[in-house]
Every structure is written in C-alpha cells, then in structure tokens.
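Okay, thanks everyone, let me get this up on the screen. I'll walk through a few local spots and then zoom out.

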Protein chains: 2
Amino acid sequence: MKGFKFAGIHAQIKKNDQKDLGLIYCEKPAVAAALFTRNKVMAAPVILGKNKIKQGVCQAVLVNSGNANCFTGDQGIKDAIACSKMVATSLGISEDFVLVSSTGVIGANLPMDKFRTGVPDIVAHLSKNHVDDFADAILTTDTHRKIVKESGIIGDEKFSIMGIAKGSGMIRPDMATMLAFICTDVNISALDLKTSLSAANDKSFNRITIDGDTSTNDTLLALANSTSGVKINDTDSKKIFQDMLDKVCLELAKMIVKDGEGATKLIQIIVKGAQSEQDAFKASETIAHSNLVKTAIYGEDPNWGRITAAAGRSGAHVVPEKMDLFFDELPLVLKGQWLGYEAEKKAAQIMKKTEITITLDLNLGKELDSFWFCDFSEDYVKINAEYRS
Amino acid sequence: MKGFKFAGIHAQIKKNDQKDLGLIYCEKPAVAAALFTRNKVMAAPVILGKNKIKQGVCQAVLVNSGNANCFTGDQGIKDAIACSKMVATSLGISEDFVLVSSTGVIGANLPMDKFRTGVPDIVAHLSKNHVDDFADAILTTDTHRKIVKESGIIGDEKFSIMGIAKGSGMIRPDMATMLAFICTDVNISALDLKTSLSAANDKSFNRITIDGDTSTNDTLLALANSTSGVKINDTDSKKIFQDMLDKVCLELAKMIVKDGEGATKLIQIIVKGAQSEQDAFKASETIAHSNLVKTAIYGEDPNWGRITAAAGRSGAHVVPEKMDLFFDELPLVLKGQWLGYEAEKKAAQIMKKTEITITLDLNLGKELDSFWFCDFSEDYVKINAEYRS
C-alpha cells in the first residue's frame with residue numbers, strides 16, 4: 001500500500017533466533033486511532049499510548065515481542081519513552097508521532113542495549129515489501145503469521161485496508177496478548193476512524209475468546225495515510241469503509257481464535273431470539289467461555305446439556321421449554337425437547353468438522369449476538385503449565 | 001446421630017454395579033431448610049423441592065445418582081412426584097414430607113421400573129449405621145465419599161452436625177453437580193435454620209470453584225430433628241451452632257474442591273486490603289476462575305503476572321503499584337515490585353505443596369474475601385472431552 005513501509009528483524013530480545021522487533025513507518029504522518037486493553041494492570045507502552053493517541057496522529061509504530069514491559073514501574077515508562085526517542089531520531093521525525101507496543105514476559109525490564117542497536121538496524125530494513133517480516137516479528141507462540149488484505153472502490157477510486165495481528169499464542173511464560181495493526185490509504189478524520197474502529201472491534205476482537213483472560217498489553221491500532229485519494233466523509237463512503245474494516249477485523253479475529261493454544265476447532269455460537277441485546281450477549285459469552293462446553297467440543301461431543309445449562313447460568317432470561325438448539329443446520333433440541341439418539345448421531349458427525357456453527361434460539365424476542373471461540377485440549381494445559389525458564 | 005437413619009443401595013440406575021440410590025429418614029418430621037442452584041435451567045426435583053421446602057418440614061430424602069432428571073419436561077415432574085409417593089407409601093408417612101434429589105445424565109427420563117423395585121428395597125435397608133452407604137450412593141465420579149462430623153456443647157448438653165456431600169466428579173456424560181445434606185440433632189426454627197444455612201453456604205460452597213460451571217441440580221439441604229434437646233434460640237447458642245455449621249460446610253466444600261476432576265492441588269486465594277466487599281469478591285473470584293492461573297498452579301509455577309493481571313481485569317479497583325503478593329508467608333511482589341529470582345525460587349518450592357495459600361493485598365482498604373479452588377490439569381480435559389457412551 002502506497003506510503004507505508006514495514007520491517008521486522010531479530011534484535012536478540014528473544015532468546016531463540018526468531019524475529020522480535022517490528023516497525024511500521026508512514027512516509028507522512030497518518031491519521032490514527034487506537035483501542036487498548038481494559039485491564040487495570042496495564043503495560044508501560046499502553047499507558048503511554050493511551051495518552052499519545054489522543055492527538056489522532058501517528059507516523060511510526062515500534063513493536064517488540066519477547067518482553068511485555070509490564071509491571072515494570074517508572075523504569076518501564078522511561079524505557080518506553082527512550083525507545084520512542086530512538087525511533088524518532090533514526091527516522092528524523094517528531095517523537096510525538098511515535099508509538100511503541102510490547103508483548104512478552106511480564107515483570108522484566110526491556111533490554112535497552114538490544115534496542116540501541118536494533119532500532120537503527122530496523123530503520124535500515126524498512127521497505128513496502130517487508131510486511132511479512134513485520135508480521136513475523138510481532139508473533140509469540142502463534143504458529144503462523146496473520147495478515148488480511150482487502151480492497152474496495154468508492155466513487156471511481158480504489159482503496160485498501162490491510163490488517164496484521166498476533167494472537168493468543170502464549171508468551172512464555174506469561175499471558176496471551178492480542179496486538180493488531182490496521183493500515184489503510186483512505187482520507188478520514190481521526191474521530192471517524194476511532195468510531196469505525198470501535199464499531200469493528202465490537203463485532204470482531206470483542207467477540208472472540210480463547211481462555212477468557214485479558215492481557216495487560218492488548219492493542220488495536222489503525223493508521224490512515226490518505227494516499228488513495230478516497231475520502232470517507234459521507235454516509236455511503238462510511239458504510240463501504242465500515243463494511244470492509246469489519247471484514248478485515250473479523251477475519252483477523254478468527255485467525256487468532258483458530259491459532260489459540262491447543263485449539264483444534266473454530267466454533268461460532270449464535271444466540272438468537274433473546275429478549276434484549278444484553279441477554280443475547282450474556283448467553284453467547286457464557287457459552288463461549290464454558291470449560292465444559294469447550295472440552296466437549298474438543299471431544300467432538302454435541303453436548304447440548306452443557307450448552308443449555310451455560311445459557312441457564314448466564315444471567316440472561318431463558319425458558320428451557322422454549323429453547324431450540326442447532327449444530328450447523330441440524331436441530332438437536334426443539335422447544336426444549338431433545339430429538340433423540342438418531343439426531344444426536346448426526347450432530348456427532350457435524351462435530352467432526354473443524355469449523356462449526358452452534359445456534360441457540362431462545363424464542364423469547366428478536367435480539368441476536370455471537371461469539372467465536374476454540375475448543376479446549378490437553379495441549380492448552382501443557383502449554384500453559386510449563387514452568388517459566 | 002439419634003433419630004436419623006440412612007441407606008444406600010445399587011438399584012441398577014447406573015450401568016456399573018455402584019450404589020446409585022440413597023435415603024435419609026428422620027423418625028419424626030425434622031425442621032428443614034434448603035438452598036438450590038441459581039441456574040435457570042433447573043432439574044425437575046429442584047423445581048419440586050423449591051416449592052416443598054417452603055413448609056420448613058421434611059422427614060425423608062431420596063437421592064439417586066446416574067440420572068439428573070433434568071430437561072425432561074412434564075414427564076420429569078411426574079416422575080419425581082411418583083418417586084416421592086413411593087417413598088411415602090413404603091415409609092407410611094405423608095408425601096408432603098418427602099424430598100427427592102437427582103444427579104447424573106441430562107435429558108433422559110428416570111428409569112421408573114428401577115425405582116418401583118428400589119424404593120421398597122432401600123427402605124428395608126434403613127439403619128442409623130448406614131451413613132457410609134448413603135454417602136457412597138450419591139457419588140458420581142467422585143473418587144471418595146465425603147462425610148464430616150462435628151459435636152459441640154451448649155449449656156450442658158451435647159449436640160452434633162453431620163454433613164454428607166458429593167462433588168464435582170463428572171457425571172458421564174453431563175455436568176458436575178454439588179449435593180450436600182446436613183443432619184443435626186438441635187432444636188431450631190425453620191427460619192433460623194435457613195438463615196444459618198445461607199450464611200454457612202456463602203462462606204463455603206459459594207466460595208469454591210472447580211471450573212466455573214453451575215449445575216442444574218445443585219442442592220444443599222439441612223435437617224434438624226431436635227433429638228439432642230439443645231435449643232438454638234438465643235445469641236450465644238446461635239453463634240456456637242453457626243460456627244460449627246460453618247466448619248462442617250467449609251470442610252465439605254474443601255473436600256469437593258480437592259476431589260475436582262483432575263485436581264492435584266487445593267489453593268486458597270485471599271484478597272485483602274480491598275476498598276469494598278464487592279471488590280474483594282470480584283478479584284478473588286476472577287483469580288480463582290482464571291484458566292491461566294489454574295494451569296500455572298498445575299505447572300507449580302508461582303506466576304504472579306497472571307494473578308495480578310486477573311485482579312486487573314476483575315472490575316475491582318486495583319493499583320498495580322500498591323499490590324503485595326504472598327505465596328503462603330513468602331512475599332514475591334511488594335508495592336508492585338517483583339522481588340527477583342531468589343524470591344521466585346523460594347515461591348517455586350512452596351508451589352510443590354498440595355495445599356497453598358496465595359494472598360493478594362491490594363493495600364487500598366480493609367475488605368477481605370477468599371475462594372478455594374483447584375488447579376487445572378490435562379486430566380480435567382480428558383475427563384470432560386470423553387464422548388458420551
């Protein structure tokens with residue numbers, strides 16, 4: 001995409017030889033919006049970023065993996081500022097326009113000597129063709145890079161959105177962190193970008209779960225550099241842009257779930273017929289987080305009792321005798337009645353697929369919500385029980 | 001205990017040859033109080049029991065394992081009533097004074113023919129010496145029976161409380177159910193018994209978690225038959241009775257957690273120094289439910305980052321720079337500062353124990369709360385992923 005450059009290198013922050021330092025550079029300052037973790041234990045780069053993003057402008061983003069710069073106190077803040085300054089100096093831009101982002105071990109200070117050599121090095125590697133390198137450098141125990149590209153047309157002009165994410169591969173030894181960076185060449189105001197990003201986030205990253213834990217470092221950042229000439233300034237263009245941003249975010253979110261630790265299946269739970277939006281949210285969220293549901297899915301068991309019981313404890317208004325439950329298109333419970341062993345055998349066949357949609361119709365109203373989640377395997381336990389070394 | 005009789009037999013409800021039908025009989029109608037699951041998907045015996053217990057009297061409780069009589073519609077209610085009638089007829093007592101309780105497979109109807117032969121059979125087995133049989137008959141995949149007995153003195157007279165529970169062994173194929181029955185020989189009003197039971201429950205069964213799922217059948221029932229002559233009717237006697245009831249309930253609750261599927265360790269998380277009771281509850285509850293914390297404990301990893309981060313996302317007011325964290329008596333974080341590798345090595349030694357107390361001091365106020373929980377192992381996944389057969 002015109003005007004964006006990327007780089008990813010191994011700066012020896014990680015002990016293995018994988019890439020661990022990434023940089024996105026906009027030739028001109030881009031309009032920027034970001035969303036951060038709601039965890040009150042926030043990493044230093046998140047504390048800084050929340051403040052810096054208020055100006056709605058960003059020209060460079062430095063991302064390291066291997067160290068979260070979290071629970072590092074004043075030193076952590078000083079280190080994050082020092083990193084920003086290094087990037088600004090090496091690129092010859094204002095430090096105000098540099099954001100930093102980190103993911104990895106909690107509680108250890110950043111290895112600043114690695115940044116002092118790494119930052120000039122990575123600036124030298126910037127290229128519009130190095131998106132893959134950047135995408136690799138932000139990974140932790142993800143098993144593959146996550147990039148989504150989409151293009152559209154508004155008026156007669158083409159515009160693009162590219163998203164790059166890392167997911168819930170587990171940072172050894174700490175917690176899963178979701179980082180996602182969106183680059184687009186449209187001309188949009190910072191306020192509109194923030195609004196669009198929030199809306200897309202609610203339908204994607206806020207509708208996925210691996211294990212229900214929220215990282216201290218989660219960050220979703222969007223950069224819009226205007227190079228396409230496409231203006232997002234009226235109802236029609238906003239709708240086209242929103243649809244595409246939704247698509248990019250949802251695709252990235254699904255890639256993150258699929259690549260969850262130990263995950264073997266990608267499940268969408270749809271709760272419909274709820275009396276209120278909140279009920280639809282509560283029921284779908286509780287089902288998606290239930291360990292009993294997740295282990296049953298790993299066992300390829302269409303365990304409708306666990307799904308309906310999770311809805312029952314969710315706080316949503318439910319009436320067991322009104323519930324319908326479907327595995328893909330197949331009904332297994334209708335009006336609270338289990339359809340018997342033959343139906344269950346068919347459902348068990350559907351459970352063998354790697355992508356499954358489960359629909360719970362509460363038949364009480366018109367509201368709907370949905371979550372994407374993965375199953376829960378012995379490997380999740382193994383990955384997360386390993387002693388930090 | 002005088003005036004109580006028990007029985008437990010194999011009535012062929014379970015396919016294996018384990019006991020599956022239990023009965024408690026009070027020679028005279030006992031004062032009774034009960035608490036039931038808050039899940040809106042409720043089993044038939046829970047629906048019936050909630051209504052019947054309002055009279056505050058009970059003389060017999062029939063409990064079966066192997067079938068939950070849940071999601072069984074009108075037939076389920078009819079079957080539960082039919083079971084009550086059989087017990088009343090066999091014992092020659094009023095059906096109004098009979099409660100039934102079930103735990104097991106969801107969605108299948110009760111095998112009524114087994115009850116028709118089983119109920120007269122179990123009545124013939126009643127004896128004050130058959131507590132163990134009853135305790136065995138209500139188990140599912142629990143690995144051992146759970147009985148707690150305590151005696152005390154009020155005035156010059158001795159009184160006793162006995163509790164019998166089943167825990168979160170997994171009913172193949174469905175969900176964990178907690179059933180607990182308390183027998184005591186004191187003279188107490190139904191209202192006071194309910195108040196005491198609620199208070200004890202809040203400090204015990206409501207402060208434990210295996211996997212965060214709530215069963216459709218959870219039941220806690222107390223029976224007081226007055227045979228000791230001890231009256232619980234003033235501040236002093238109420239306090240003595242409450243303390244002992246708390247002790248019995250907490251002991252049973254801890255036995256349930258220790259025997260959680262795949263559990264290898266029993267952990268108490270204490271959150272203190274919270275600004276409000278609600279904050280202390282939220283933070284301790286979130287830590288106890290975190291899969292990342294539970295897998296780290298299984299891995300004997302004193303992973304303070306996961307514990308503090310769980311507190312951070314709990315919704316409680318927390319300030320990372322004020323947090324102290326202890327493993328048993330050992331501090332690992334003080335005022336938000338990690339104490340380093342040497343302290344962590346010592347904490348790792350503590351993690352090798354099978355019972356560990358973790359204390360998080362928020363240093364923001366005076367409120368405290370606590371949860372008991374178990375770790376999370378590959379065996380939990382294996383037990384719960386097995387296809388129903």
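So, let's begin at D328(A), which sits in the loop between strand 11 (324–327) and strand 12 (330–334) of chain A. Keep in mind throughout that this is a predicted model. Is D328(A) buried or exposed? With 16% relative accessibility, D328(A) counts as buried, since the cut-off for buried is under 20%.

What does D328(A) touch, if we skip residues up to four places away in sequence? The list is I350(A), K353(A), I356(A) and T357(A). And here's a distance you can check on your own screen: D328(A) and T359(A) are 31 residues apart in sequence, yet C-alpha to C-alpha they are 7.3 Å apart in space.

Next spot, still in chain A. F134(A) is in helix 4, residues 131–137. At 0% relative accessibility, F134(A) counts as buried. Leaving out residues up to four places away in sequence, F134(A) touches F6(A), A7(A), G8(A), G22(A), L23(A), I24(A), V63(A), I164(A) and F181(A). Take V63(A) from that list: its C-alpha is 8.8 Å from the C-alpha of F134(A), and the two are 71 residues apart along the chain.

Those two spots go with a number for the whole chain. If you take contacts in chain A between residues at least 6 apart in sequence, 79% of them join residues at least 24 apart.

Now helix 9. In chain A that's residues 304–313, and the helix is mostly covered, with nine of its 10 residues buried. Which ones are buried? W304(A), G305(A), R306(A), I307(A), T308(A), A309(A), A310(A), A311(A) and G312(A). After helix 9 of chain A comes G315(A), with a positive phi near 95°.

Over in chain B, helix 9 is mostly covered too, again with nine of its 10 residues buried. Among the buried ones there are W304(B), R306(B) and T308(B). Just after helix 9 of chain B, G315(B) has a positive phi of about 95°.

I want to stay on T308(B) for a second, which lies in helix 9 of chain B. T308(B) counts as buried, at 1% relative accessibility. And what does T308(B) touch, not counting residues up to four places away in sequence? M323(B) from chain B, plus V41(A) and F71(A) from chain A.

Q12(B) has a positive phi, near 65°, and its place is in the loop between strand 1 (4–9) and strand 2 (21–36). Q12(B) counts as exposed, at 52% relative accessibility. Then there's E300(B), with a positive phi near 55°, in the loop between helix 8 (291–298) and helix 9 (304–313) of chain B. At 26% relative accessibility, E300(B) counts as partly exposed.

Chain A has 11 helices and 15 strands. Its radius of gyration is 22 Å, close to the 21 Å that the globule rule gives for 389 residues, so chain A is as compact as a globular protein of that length. Along the principal axes, the C-alpha atoms fill a box of roughly 70 × 55 × 35 Å. Buried residues make up 62% of the 389 in chain A.

For charges, chain A has 46 positive and 49 negative, and their mean positions are 2 Å apart.

That's me done, over to you.

Notes
Residues are numbered from 1 along each chain as its sequence is written. Chains are lettered from A and ligands numbered from 1 in the order in which they are written. This is a predicted model: local features need pLDDT of at least 70, side-chain atom pairs count only at pLDDT 80 or more; totals for chains, interfaces and linings use all residues. Side-chain values use heavy atoms; hydrogens and water are left out. Helices (H or I, at least four residues) and strands (E, at least two) are DSSP runs, numbered from the N terminus. Buried means under 20% relative accessible area, exposed over 50%, partly exposed in between (1.4 Å probe, protein chains only). The radius of gyration is taken over C-alpha atoms; the globule rule is 2.2 Å times the number of residues to the power 0.38. Contact means heavy atoms within 4.5 Å. Lys and Arg count as positive and Asp and Glu as negative; His and the chain ends are not counted. The place of a charge is taken as NZ of Lys, CZ of Arg, CG of Asp or CD of Glu.
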